[in-house]
Amino acid sequence: MKLGFIGLGNMGKPMARNLLKAGNELTVFDISVEALAEFKALGATVATSPAETASNVELVITMLPDSPHVEEVLAGPKGVFEGARKGTLIIDMSSISPLVTKKMAKMAALNGLKLIDAPVTGGVAGAEKGQLGIMVGASPEDLEEAKPIFDILGKFVHVGDVGTGQTAKMCNQVVVGLSLCAIAEAFTLGKKAGIDPTVLHRVLSSGSARSWAMEVRVPQVLEGNFEPGFMINLQHKDMGIALDSGKGLNVPLPLTALAQQVFESARAMGLGTKDHSAVIQVYEMITGAKVHKDSK
Ligand code: NAD
């Protein structure tokens, strides 16, 4: 297929590479010239705007940081809505507010276009292996059109109508954010009480405390590797989306609110662009118990 891909960051790059490898023709756009040069070398066509990206393709995929970026790329000047041919399907795979998704889908329809949401889970490793978990909000017809793309990138669950993919994703992020805070508390407590963090990891990985964060992130923490992965800034953003939705729906989320403040503390320490597992450094600073390798 002829595809447009916008947003070649930590996730977008491996996803776009897999789409190329599968034999699709790609036109790409990003504000990073380095990312564009990398994809030109791989055989992709480089566009100069989102509108140009969308102008000669059957389907457009966006993988951008947050709601304002998606709004700008789709509905802003030289945006996708301006350039896309009538009937084009847009798959937004970024994690953004479900309300913004619904607003963008309405605007797309007014422009004769179709938009669905398909945020992902599984991190950079999942993106590289083509093993993302994809949460889809779409009509059955639009889903059918998007399926060949999802089959390359991972496995999908059809959650419901447009916006519901984002709703599932924010629930996912509540669990991930709280898990990382729980891990940070448990490991600083264990270290302060005199247990080797590596031994504690072996114990907690073998019983009821098992989780994705325990399996994937803790070994990276123990190695002192805080390169993203998934940035603290993005985790903080996702918990903000959940808190806003909770407000709108009158659902109290006290632990999410607390955990978001811990991630805010990490941002205040200058860790915003580090991996979300770097939240442990907030606890290390408070307690003086160093869990990660580089510090004693
Ligand atoms: P990233 O910051 O690494 O990449 C975002 C890319 O978008 C960058 O290359 C940036 O230059 C580009 N961009 C920003 N504004 C733009 C604009 N106006 N026009 C064109 N390009 C623009 O972020 P990421 O880690 O790849 O995450 C992307 C999305 O996926 C986010 O919503 C994130 O929450 C979600 N997500 C990330 C992970 C992960 O592990 N990193 C996992 C699941 C979901």
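Trainee: How many disulfides does a search of the whole structure find?

Mentor: This is a predicted model, in which local features need pLDDT of at least 70, side-chain atom pairs count only at pLDDT 80 or more, and totals for chains, interfaces and linings use all residues. Residues are numbered from 1 along each chain as its sequence is written, and side-chain values use heavy atoms, with hydrogens and water left out. With a disulfide taken as a pair of cysteine sulfur atoms within 2.5 Å, the number found in the whole structure is zero.

Trainee: How far is the sulfur of Cys171 from the closest cysteine sulfur?

Mentor: The closest cysteine sulfur belongs to Cys181.

Trainee: Is Cys181 buried or exposed?

Mentor: Buried means under 20% relative accessible area, exposed over 50%, and partly exposed in between (1.4 Å probe, protein chains only). Cys171, at 44%, is partly exposed. Cys181 has a relative accessibility of 6%, so Cys181 counts as buried.

Trainee: In which helix does Gln166 lie?

Mentor: Gln166 has a relative accessible area of 1%, so this residue is buried. Beyond its neighbours within four places in sequence, Gln166 has contacts (heavy atoms within 4.5 Å) that include Asp92, Ser94, Thr101 and Asp117. Helices (H or I, at least four residues) and strands (E, at least two) are DSSP runs numbered from the N terminus, and Gln166 lies in helix 9.

Trainee: Which helices do the buried residues of helix 12 pack against?

Mentor: Helix 12 covers residues 232-249 and reaches 26 Å from its first C-alpha to its last, close to the 26 Å expected, the expected span being 1.5 Å times one less than the number of residues. Its buried residues include Ile232, Met239, Ile241 and Leu243. They pack against helix 6, helix 9 and helix 13.

Trainee: How far apart in space are His236 and Gln260, C-alpha to C-alpha?

Mentor: His236 is found in helix 12, and its relative accessibility of 11% is why this residue counts as buried. Not counting residues up to four places away in sequence, His236 touches Gln260, Phe263, Glu264 and Arg267. His236 and Gln260 are 24 residues apart in sequence, while their C-alpha separation in space is 6.0 Å.

Trainee: Which helix does the chain cross through between strand 5 and strand 6?

Mentor: Strand 5 (residues 89-92) and strand 6 (residues 114-117) pair in the parallel sense over four bridges, where pairing requires that DSSP finds at least two bridges. Leu89 has Lys114 as its bridge partner in strand 6. The β-α-β crossover is right-handed, meaning that, with the strands pointing away from the viewer, the path from the first strand over the helix to the second runs clockwise. The chain makes this crossing through helix 6.

Trainee: Which residue just after helix 14 takes a positive phi?

Mentor: Helix 14 spans residues 280-287, and its buried residues include Ile280, Val282 and Tyr283. These buried residues pack against helix 9, helix 11 and helix 13. Just after helix 14, a positive phi of about 75° is taken by Gly288.
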